[in-house]
Amino acid sequence: ACFSSEFASRPTEAVMSSKGTYVQGTDGSDYVHRQRIVDRYSIIATARRRTRVLLVVNALAYAAFGALTFVAKFSTSSRSFAGVLDQKIAPIVGLGVIGVALSMAAYSNTHGARASWGAVKRCALAQATISASQALSSTYARIINHREDRSAAWVWAEAVSAFYGKVFKWKVEAGAVYAMCVNAEVLFELMLVALPLGVYGMCLGIESHALKKNA
């Protein structure tokens, strides 16, 4: 009796050779009329997730840029904070700190019903502006060969030279690895401009879909 009642409580299924198993009362062809999430909502949800990922990557890039420069200068200086944060390095480390702070502020405005994509856009534009100014300043110094010793690339090159001298006992001049460090610095500069602009573009897309939803 128990077996019969359990069997009776299950939905009755039938089999068709062309369409397989389906529940009696429908042949499965009415799926287009069933309730489903509108594509617009799923697109917005995906865009929000991707924007948060971009903000995390952005914060990590700023942190890496500032931390690498700070550690490189610290390892080749008198190992004092006053000697590290001099006129050469303070703007670069400051760029990293400000960039991370703006990423965190933007990330905090991407959650919940009170998400403010306008605030996220302002943070992204601020990041792109300060990163572009730093990149233009470094590029200008490279072109006219003026005060390149204030660039992150030169600090990194000095740290690499000191590292090889202490660990491998090899004498490697900073100028020998400077070109490689310049390439790394240029890559960082491109990332620190492109990532905020990517966040800004994602916010524009989210706002556009939100306007369509409310229309």
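## Terms and model

Two residues are in contact when heavy atoms of the pair lie within 4.5 Å. The model is predicted, so local features need pLDDT of at least 70 and side-chain atom pairs count only at pLDDT 80 or more, while totals for chains, interfaces and linings use all residues. Residues are numbered from 1 along each chain as its sequence is written, and side-chain values use heavy atoms, with hydrogens and water left out.

## Overall make-up

The protein chain has seven helices and two strands; helices (H or I, at least four residues) and strands (E, at least two) are DSSP runs, numbered from the N terminus. Their order along the sequence is α-β-β-α-α-α-α-α-α. Among contacts between residues at least 6 apart in sequence, 71% join residues at least 24 apart.

Of the 215 residues, 30% count as buried. Buried means under 20% relative accessible area, exposed over 50%, and partly exposed in between (1.4 Å probe, protein chains only). The accessible surface of the chain comes to about 13500 Å², of which 63% belongs to carbon and sulfur atoms; such areas come from the Shrake-Rupley method with a 1.4 Å probe, and for residues only the protein chains shown count as cover.

Helix H4 covers residues 90-108. Its 19 residues should span 27 Å at 1.5 Å a residue, and the end C-alpha atoms are 27 Å apart, which agrees. The expected span is 1.5 Å times one less than the number of residues. The buried residues of H4 are Ile92, Val93, Leu95, Gly96, Gly99, Leu102, Ser103 and Ala106.

Gln134 is found in helix H5 (residues 117-144) and is buried, with a relative accessible area of 16%.

Ala157 is in helix H6 and counts as buried at 0% relative accessibility. Beyond its neighbours within four places in sequence, Ala157 is in contact with Ala174, Val177, Tyr178 and Cys181. The C-alpha atoms of Ala157 and Glu173 are separated by 8.4 Å, with the two residues 16 apart along the chain.

Phe168 also belongs to helix H6 (residues 152-168), but is partly exposed, with a relative accessible area of 39%. Phe163, Val167, Phe168 and Trp170 make a nonpolar surface patch of about 430 Å². Patches are made of residues with over 30% relative accessible area and no salt bridge; like charges are joined within 9 Å, and nonpolar side chains (Val, Leu, Ile, Met, Phe, Trp, Tyr) within 5 Å.

## Salt bridge

Side chains of opposite charge can pair when their charged atoms come close. A search of the whole structure finds one salt bridge, meaning a side-chain nitrogen of Lys or Arg within 4 Å of a carboxyl oxygen of Asp or Glu. Glu207 forms a salt bridge with Lys121, and the closest N and O atoms are 2.9 Å apart. Glu207 lies in helix H7 (residues 174-214) and Lys121 in helix H5, so the pair ties together parts that are 86 residues apart in sequence. Glu207 counts as partly exposed at 25% relative accessibility, whereas Lys121 counts as buried at 15%.

## Cysteines

The whole structure has zero disulfides, a disulfide being a pair of cysteine sulfur atoms within 2.5 Å. For Cys203, which is in no disulfide, the nearest cysteine sulfur is that of Cys123, 9.4 Å away. Cys203 counts as buried at 0% relative accessibility, and Cys181 counts as buried at 5%.
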